[in-house]
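Subject: Structure handover

Hello,

Here is the structure for your files. Please look it over alongside the notes below.

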Amino acid sequence: METLQHWAGGAALKSTGDRLGDVTDPATGQVTRQVAFATEADVEAVIAAARDAFPLWRDTSLTKRTQILFRFRELLNARADELAAIITSEHGKVLSDAAGEVARGQEVVEFACGMPHLLKGSATENASTGIDVSSIRQPLGVVGIISPFNFPAMVPMWFFPIAIAAGNTVVLKPSEKVPSAALWLAELWREAGLPDGVFNVLHGDKVAVDGLLTHPDVKSVSFVGSTPIARYVYETGTAHGKRVQALGGAKNHAVVLPDADLDLAADQAINAGFGSAGERCMAISAVVAVGSCGDALVEKIAERARGLRTGDGRRGCDMGPLVTAAARDRVSGYVDAGEAAGASLVVDGRGVSPDAEGEGFFVGPTLFDHVTTDMSIYTDEIFGPVLSVVRVDTYDEAVALINANPYGNGTAIFTNDGGAARRFQNEVEVGMIGINVPVPVPMAYYSFGGWKNSLFGDTHAHGTEGVHFFTRGKVVTTRWIDPARRGESGELDLGFPRNS
Ligand code: NAD
């Protein structure tokens, strides 16, 4: 069986250890390959490759850097299907969803192609007499990216196109559950002409993560994953003097007001609740039905959920499997717990008959009604195809519910009342808001990130915040003596310099 190795300095780097992880095809349950887990020596070697490549890459002109990015964009565009197939084979999401993930990642590459404009500094003539001031932004050096299993390509692409275009060198630590996409992207960079060592891949678990968090040559860490690990990454990385942005978990609510178009709301609850089998940080997992709309809304969602076809993502199904057997068992455990706690189980996805060969990790779409805030199906991030309907009497109760939640990644409101939507946008304590839009993933030129336990650090991903994260500002104050006035220097003055 194939064993995937690290990628450093433009080639595969065999691990010095023998710890391996299994990679499974979630639709069939079969182990398809293995991945090497980094030792401390591997961490050292991969970071060294990135460190050695930095001086040359930093000094490569913006024109040349951008040309390579353009080539990478063109290759990615032409071969997107290959990458989507890899994502489906290791994550399980349906092919169309995987293709959508690649397209959203590609948008960040396109954004990063504008780096010459984004890196422009400013200049002021005669800030003081004969003194000019300018500002520039410079790359950090080696930057670490640690990504989760649920977006094997898009999440790394939130970061590395901008990091690379800005002149940094990258060590990507992908999720050990979905390691192949990162290696495919590494090969693509090579084909695009990126110098060896600018993009590197380090496989593994906590050893690899801790190596990136503590190594003095790593200047920043961009992490995406669950909240407990995000908090750990933020605290450890900053304690070691690094710049850290750590995006965590989520529990996203969609509020449906009685005046909403209930068919639109039901369609979108299905898309956002069951897309990628609920394994999205922007999935809607709680629908908050306000006032009189509850019964009709639940009926519409249930009807649609029952019509979804669950199965192998390569067979044109609507919804694929969970990523691992453990994830499947965890999700069905939550369904058991919701039932035991007294929520009404309207659609039960346990025991679904999937359209797939073998022993895949399936749970079908599941819908609970009359969920209360003390139930684990409400309090916990399930990360599976389980949608909970919570009923409240008023808009104020709905907003209070969201604002009391420890997460603040995304939320949505469905209404035809512009005033209510505007008030929601103003009052709700969440980083990304959708108005009649369920999965409000911002465009590449805006920045992505939540509030509260959904993000540690103050910089969101991509957009101008991403450019800021991957560069350091420098201000230069300059005096050049006019040739006609040489020799007329000012008097000695030991006071603090005042502008004149
Ligand atoms: P995870 O936290 O288990 O893993 C994320 C990364 O951390 C992986 O690379 C993994 O190898 C590493 N890791 C795991 N355990 C570790 C440990 N003990 N010490 C150090 N590193 C460790 O997350 P996941 O299960 O891969 O992904 C799902 C989670 O990611 C969900 O909570 C989801 O909401 C979140 N997520 C958030 C966003 C966002 O933008 N906020 C986006 C995607 C996913």
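Contact here means heavy atoms within 4.5 Å. The model is predicted, so local features need pLDDT of at least 70 and side-chain atom pairs count only at pLDDT 80 or more, while totals for chains, interfaces and linings use all residues. Residues are numbered from 1 along each chain as its sequence is written, and side-chain values use heavy atoms, with hydrogens and water left out.

Helix packing

Helices (H or I, at least four residues) and strands (E, at least two) are DSSP runs, numbered from the N terminus. Axes are lines fitted to C-alpha atoms, for helices over the stretch in contact, and angles run from 0 to 180 degrees between N-to-C directions.

In the pair formed by helix 3 (residues 80-91) and helix 7 (residues 180-192), the axes come within 9 Å and cross at roughly 160°. Helix 3 is therefore roughly antiparallel to helix 7 (angles under 35 degrees count as roughly parallel, over 145 as roughly antiparallel, 65 to 115 as roughly perpendicular and the rest as oblique). E82, L83, I86 and E90 of helix 3 meet S180, A181, W184 and L185 of helix 7. By class, this contact of helix 3 with helix 7 has 5 nonpolar, 1 polar and 2 charged residues (Ala, Val, Leu, Ile, Met, Phe, Trp, Tyr, Cys and Pro count as nonpolar, Asp, Glu, Lys and Arg as charged, and the others, Gly among them, as polar).

For helix 1 (residues 40-58) and helix 8 (residues 206-214), the axes come within 9 Å and cross at roughly 45°. The two, helix 1 and helix 8, are therefore oblique to each other. Helix 1 contributes E40, V43 and I47 to the contact, and helix 8 contributes V207, A208, G211 and L212. The residues in this contact of helix 1 with helix 8 divide into 5 nonpolar, 1 polar and 1 charged. Helix 1 and helix 8 also have a right-handed crossing.

Helix 14 (residues 395-404) packs with helix 15 (residues 418-427) at an angle of about 25°, their axes 11 Å apart. Helix 14 and helix 15 are therefore roughly parallel to each other. On the helix 14 side the contact is made by Y395, D396, V399, I402 and N403, and on the helix 15 side by A420, R423, F424 and E427. The classes in the contact of helix 14 with helix 15 are 5 nonpolar, 1 polar and 3 charged residues.

Ligand surroundings

Of the 26 residues around the ligand (a heavy atom within 4 Å), K173, E176, S226, G248 and E381 come nearest. An N or O atom in the side chain of E176 is 2.6 Å from an oxygen atom of the ligand. A polar side-chain atom of S226 is 2.6 Å from a ligand oxygen atom, and a polar backbone atom of G225 is 3.3 Å from an oxygen atom of the ligand.

Backbone

N126, in strand 6 (residues 122-128), has phi near 55°, a positive value in a residue other than glycine. A277 has a positive phi too, near 50°, and lies in the loop between helix 10 (262-274) and strand 14 (284-290).

Regards

Definitions and conventions: A crossing is left-handed if the near helix is turned anticlockwise from the far one by less than a right angle, and right-handed if clockwise. A polar contact is a pair of N or O atoms within 3.5 Å; within protein, one must be able to donate a hydrogen and the other to accept it, and residues adjacent in sequence count only if both atoms are side-chain atoms.
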